[in-house]
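Q: I would like to learn how to read some features of a structure. Please show it to me and start with a term that I will need.

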Amino acid sequence: MDILKRIMGYVARYKWKAITAISFLVLLISLNLVTPYLTKILVDDVIRGGKRNLLVPILIAVFGCAACRGLLSYFRSYLFEGVSQKCLYDLRNDMYTHLQGLSFSFYDDNRVGELMSRMTGDLEGIRMFIVGGLSVLLENAIYFIGTTIMLLYLNVELALVTLAILPFIAWVAIKFNKTIRPAHSEIREQQANLNTTAQENIAGVRVVRAFAREDYEIEKFEKENRLNQEKNVNASFIWAKYFPLIEFLSGFCAVALIGYGGWMVAIGRITLGTVVAFNGYLWMLIMPVRMLGWIVNIISHAITSGKRVFDILDTGSSIKEKSNPYSSDEFRGDVVFENVSFRYKENPILFNININAPAGKTIGIMGATGSGKTSIINLIGRLYDVTCGRVLVDGVDVRDWKLSALRSQIGIVMQDTFLFSDTIEGNILYGNPDASREDVIRAAKIAEAHDFIMEMPQGYDTIVGERGVGLSGGQKQRIAIARAIVKNPKILIMDDCTSAVDMETEYEIQKALKKIMKGRTTFIIAHRVSSVKDADEIIFLDNGRIVERGKHEELLALRGRYYELYMQQYKDLDEFQSDRQVM
Amino acid sequence: MLRQRITDDEALEKPFNKEQFKRLLSYMKPYKKQLAITLVLMVIAAVCGLLGPLILQIAIDKYMVREKLLGLMLITLTFLGINLLSMVCVRSRVRIMVVVGQEVLFRLRQDLFNHIQKLSFTFYDSRPAGKILVRIINDVNSLSDLLTNGIINVVTDVFTLIVALIFMFSIHFKLALITLTTVPLMLLVIFLLKRTIRVRWQNVRKKVSNMNAYLHESLAGMRVTQVFVREPETRDLYRQLSGDIYSTWMSAIKINNLFWPSVELIAAVGTVLIYWYGIRFLDQGTVTVGVLVAFTGYVWRFWHPLNNLANFYNSLLVAMASTERIFELLDEKPDITDAEDAVEMPPIKGEVTFDNVTFYYEPEKPVLENINFTVKPGETIALVGPTGAGKTTIVNLISRFYDTVEGRVLIDGVDIRGVVLHSLRKQMGVMLQDPFIFSGTIMDNIRYGRLDATDEEVIEAAKVVHAHEFIKDMEDGYYTQVQERGSRLSQGQKQLISFARALLADPKILILDEATSSIDTRTEILIQEGLKELLKGRTSFVIAHRLSTIRNADRIMVIDHNKIVECGSHDELIEKKGMYYNLYKAQYKYLKAI
């Protein structure tokens, strides 16, 4: 009930519209209730009673009623739609704004597809409740009460006889909705499976072909396809079982009316007009009963959907700004890690990390996959919060910083490169919307991206991303580097960002980066010794602990892990040197 | 500066195309019998529905007014029977048609899927994956209603209209004519309004799909947005897209909701007309009270079929757009197919020959020109050269992912265009730059290399490529579920898995296309060791940057400007002081410099 109350809270923002719509509704129904009564007068008094002078007024009344009904029902539904769309608009924006504030760990746990379904299907469920459930519920309740009163007024006995069947209709209608609902969600699930199977087949086409697994894929898809067919047939069979039955039971009311009502007319207990009027009212009564299942369905749907939506709105971000956060125009770029430990979902990732990176210095971070390199740099921009210890930027705990002030000074090139479906220029400008074309080109040149961009048919205006031209991993990385450079940040963080770039290009990028790294605090995560060799301090991580640290030469002298790695990577160099011809 | 580049460029509807409609109907051919039965059932149900007002009329005129109780009872029972019959008919109809319709959808979808398995990379290179997916899923779905209900409904609706007309004219000719005067008005309203309504809802759909596309991307890229502090701009853009939906929706509703009030109004006109003239006929004694009541019932029964016909027309246009896309895909000719007289590839020994091979996508942009070489079984060949020189194309031609434009590719002296594609590829192993991981367990992913491999064999393969270490540390080991394009695995881990997969396939010819680029150095060294074992006794082609890998190859081919410019062992090429020498020296320079 709390959920419905919360949904109603959104409706209440537009209460005057809603109230007007409801009053139109009440008027509308009253008019509808009058119409069959007019028919009764027409049949009994005008036709059979011979009061022909009443014909014109009655016909005018019939037409007038219809005209008013038309107007009222138009404005009523327009208003209801308006309210529901406004609420939907508000909810959508609230959701989106809220999602923007949620931290990285939220996105680690929630898949995009799942969030999408909340933002589309579940919000639609709520809209249906507002536009359909709410107004239909009201409408039918009023109809039901109004019609019952009218029928009882016309003739109690006939009313009771014809209405005897109603509870059965209600029972079947509710049962129908209860059965069909799981069947429909099964269809949706199966469609998702079907989708995944086809999508993977297409995305993985090279693997499928390379292993000649077409038959296996066909078999896999056919299984899902067949299941999809079965679920659909199943749902339709449920429909076929209940729906005609409801139809039949509704028709039974008319049968009872003709039989019993006819008998009452024949023996003169009621007039023919009463039967005709009854016939008119009957449908107004049967409809709400038949709708009962639907309404129950909409409401329960809105409750589940509402819960899923409000769950997100109630999720607090694990990263919260202080009430009076620190920000400063003077940003130097000192970064200090003080006894930092970090756990992620009970898994210890980092232990007791101490780093001092004064403004302008370069820190190289090395270590095996999973040793905690990325976690370290994620703590600087406060993408996650430390478990113990402190991370200080310009001497201020990052938890005291105003998030936007902190992050706007940090440029990160992430390991997983994500580009938006926009032009290359638009993607680079994402780092700094105010940059000029020249800035963009300069950044692209530093990232060694300019040449391949110019080779594209539309150059910087080429659309890339999921819906655009496909780029190689190395090309994406280079655009991402340009994006971070154009931001002109005080702190530059590069997380293994040249892994998919060939050695020559990497060399050129590094050469160019060195120039712009001056005056910036830089963190470089790399696998190749060459990338971190010139750093002011190199940190070697193993299982979340710093096992070696120092300058290149110091670490080599240590003859430890770093040295080992160096030797492996420079084996090639030795081999070169053994090639006397080259020397 | 932030823009919304996502627009829907698929046509939402297409004009009626007879040929394609016929082709679609041909899928229903095997079910002629079911269709015939359904039609009969629907006609019966329609007649039953139309009998309602007639029965009320008879009951009033013959029995109620004349106080004949026995007749009243009989007609009541008849009415009950008719309702029962109608229920049975509707139920059976739905059951038969849904089976037929779903079977057709199943077939159509399966045909599409089977067909795209035959299409070559050229097809996939030229369009985004999403577009292909939409054909298989959404386009087929959108035919569902047309196939299960639409076509049959149209036939019955037309039939209902005719029967209703016959009923009315046989009861009272003049009154029928008077009732029909409202029909042109109805038609006008239906077709005028429906068209505008259709267009406006289309706008809504476009806006919704735009917003969803944007939302999807924006959620996927939320981390980037947060890191670059671009929340306010993206929020404004979203708000704007969301507002677009609101305004297009309301503009659709404005017209959409006119429909039923107009219907009511016209029906009221009809009712008034019937009573106005009906009373005169009543006084002349040509009609009865029951007839009047029945006629007012029939006025309403015109709307339903007319409305259905208009809706059918609208949905037909939408279905035509889907149909066109579906058949367009089905008609896509696979450009790499088994020759008619293709033979099974005998067990490969491993000799690979390029005989005057030329390849290009567009004639003015050659990719490979007159390539000639022979590789002996068991040799390891390193392909070296600048990006875009054609290295990847050479290896793609060996697996026949593309066909040569001129010349031949021979394996063990057999032209690969003459053998069954499957038998060829089954014996080859290809490892790509961007490893693909299927959703499922790690075990399943490795087993993809050889479906009948036992768990032990899978683990053995993983051990050889040193993937075992990280897999055993995962929460469920080999049974860990990896989902959504393997998002829980790092790039290096994905590559290790794809290595194990290739190893398990035990290929005779092995192709490594920069397959080791993102594995961290430590792991890569382990892999190099594993690969040394793997390469033994297999012909292999390696595209790599690492010099040690290149140096250890039996032969090195230097590709530049679409040609093999040098070929020989490391020592030979160094001595030659040609392009390889220069490349090698340049690399040395880099290495020394950094």
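A: Two residues are in contact if their C-beta atoms, placed from the backbone, lie within 7 Å. Helices (H or I, at least four residues) are DSSP runs numbered from the N terminus. This is a predicted model, where local features need pLDDT of at least 70 and side-chain atom pairs count only at pLDDT 80 or more, while totals for chains, interfaces and linings use all residues. Residues are numbered from 1 along each chain as its sequence is written, and chains are lettered from A in the order in which they are written.

Q: Which residues of α5(A) does α2(A) meet?

A: Ile22(A), Leu25(A), Val26(A), Ile29(A) and Leu33(A) of α2(A) meet residues of α5(A) including Ser135(A), Leu138(A), Glu139(A) and Ile142(A).

Q: How is a pair of packed helices described?

A: By the angle between their axes and the distance between the axes. Axes are lines fitted to C-alpha atoms, for helices over the stretch in contact, with angles from 0 to 180 degrees between N-to-C directions. The axes of α2 (residues 15–48) and α5 (residues 112–154) of chain A come within 10 Å and cross at roughly 30 degrees.

Q: How many residues of chain B are in contact with chain A?

A: On chain B, 121 residues are in contact with 126 residues of chain A. Helix α3 (residues 69–118) of chain B gives the most to that side, with 22 residues. The side of chain B that touches chain A has 70 nonpolar, 27 polar and 24 charged residues.

Notes: Helix = DSSP H or I, 4+ residues; strand = E, 2+ residues; numbered from the N terminus. Nonpolar A, V, L, I, M, F, W, Y, C, P; charged D, E, K, R; others polar.
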